[in-house]
Amino acid sequence: MTELSPILKQATPVIVDHGEGCYLYGTDGRRYLDFTAGIGVTSTGHCHPRVVAAAQAQVASLIHGQYTTVLHRPLLELTERLGVVLPEGLDTLFFANSGSEAVEAALRLARQATGRPNVVVFHGGFHGRTLAAATMTTSGTRFSAGFGPLMPGVHVAPFPTAYRYGWSEREATVFALRELDYLFATLTSPAETAAFIVEPMLGEGGYVPGNAEFFQGLRERADRHGILLVFDEIQTGFGRTGKFFGHQHFGVRPDVITIAKDLASGFPLSGIAAPRELMARAWPGSQGGTYGGNAVACAAAIATLDVIESEGLVDNAAARGEQLLRGLRACATKAIGDVRGLGLLVGAEFTTATGEPGTATAAAAQRAAVDKGLLLLTCGAHMNVVRMIPPLIVTDTQIEDALAIWSEVLAEL
């Protein structure tokens, strides 16, 4: 009898029968309020009628048209539609399937376009599980251990994670930028550095937002040294943070962004966006893939963009995110050292009385929430951050329902 790999550990015991909006329904008939959204993927909720209709219609017309062999209308329409929401100047796209593929495509572009071998990533970042992406991931050794040697040419600089350092955000930012300059003096010359690759807000690293001073410092150094600034927007894009892209909170211009997750409401689709002049410096044949830009996924992405716009989901994410952040802070107990987030990416970090990571307590809280009908996940290097990632369609009532369950969980711990 065959079975799934035993290494695939499930965060919840739920076996899903179907999903609708912000809810998943188990095969046992129980309803769960889903604040995981497929790890930030089901932006329009489960099975939004407009996304379902678009995918069904496309399946009946064309399922797969390999896009280096033929072109198809959903791909061309999606490309045009993304031009409306992408940052100014990022006017060319390459599509793939997963976040890891998008990150590796951005890395390949950066190295080929600059002729430089090295990249700088930032401590706590998550960029994927494939070899190059895992090399650039520093949110936990579980993503890179056991299959080295890893890819050379990757250097790690601090991210301004103020709570971990025990400093103010200003102190952490000054430290991070100073250490980046020291890295240039000791590990990778700016003349050999192709790109900074950074998340606007650490995802798997513990839901830690960056700040304007830090990202503006990266932009200034990138401009001074001819380095590309690549924002990994895979978890922070498409309204998730309360702005269309996470970097827009900080007034900083990217050279490249990576996209995935919320783009297609659950269909596998990712990509990179860059200026045409930069994208044209990639080597011929370096971009491609069998399933990238799949017709059904593109149709779902077009419908997703329609829903985000027509239902005001970016503004909803901002408003509901403020409500969620405020509510989580109000009910935090002594077991929680910090509550932080942007939009509908909010995390509660559990800490022991002696200041150590409260991993066991976070795990107990996550399990207790599931038992009460609220699906949550943990993250962070020590898995001591409980994160909430509801769909962008979440209502104020559903936020209050989640907060009520969470308050019960904390009271019973």
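In which sense do strand β2 and strand β3 pair, and over how many bridges? Select residues 23–26 for β2 and residues 31–34 for β3: they pair in the antiparallel sense over 3 bridges. Pairing requires at least two bridges found by DSSP. Strands (E, at least two residues) and helices (H or I, at least four) are DSSP runs, numbered from the N terminus.

This is a predicted model, with pLDDT of at least 70 needed for local features and 80 or more for side-chain atom pairs, while totals for chains, interfaces and linings use all residues. Residues are numbered from 1 along each chain as its sequence is written, and side-chain values use heavy atoms, leaving out hydrogens and water.

Stay on β2. Tyrosine 23 stands opposite leucine 33 in β3.

Now show the whole sheet. It is open, has 4 strands in the order β1-β2-β3-β15, and its pairing is mixed. β1 (16–20) and β15 (374–375) are at the edges with a single partner strand each, so one side of each lacks a neighbour in the sheet.

Angles run from 0 to 180 degrees between N-to-C directions, and axes are lines fitted to C-alpha atoms, for helices over the stretch in contact.

Next, select α7 (169–186) and α8 (212–225). They pack at about 20°, axes 9 Å apart. α7 and α8 are therefore roughly parallel, a label for angles under 35 degrees. Residues in the contact include Leu177 and Phe184 of α7 and Phe214 and Leu218 of α8.

How values were computed:
Angles under 35 degrees count as roughly parallel, over 145 as roughly antiparallel, 65 to 115 as roughly perpendicular and the rest as oblique. Contact means heavy atoms within 4.5 Å.
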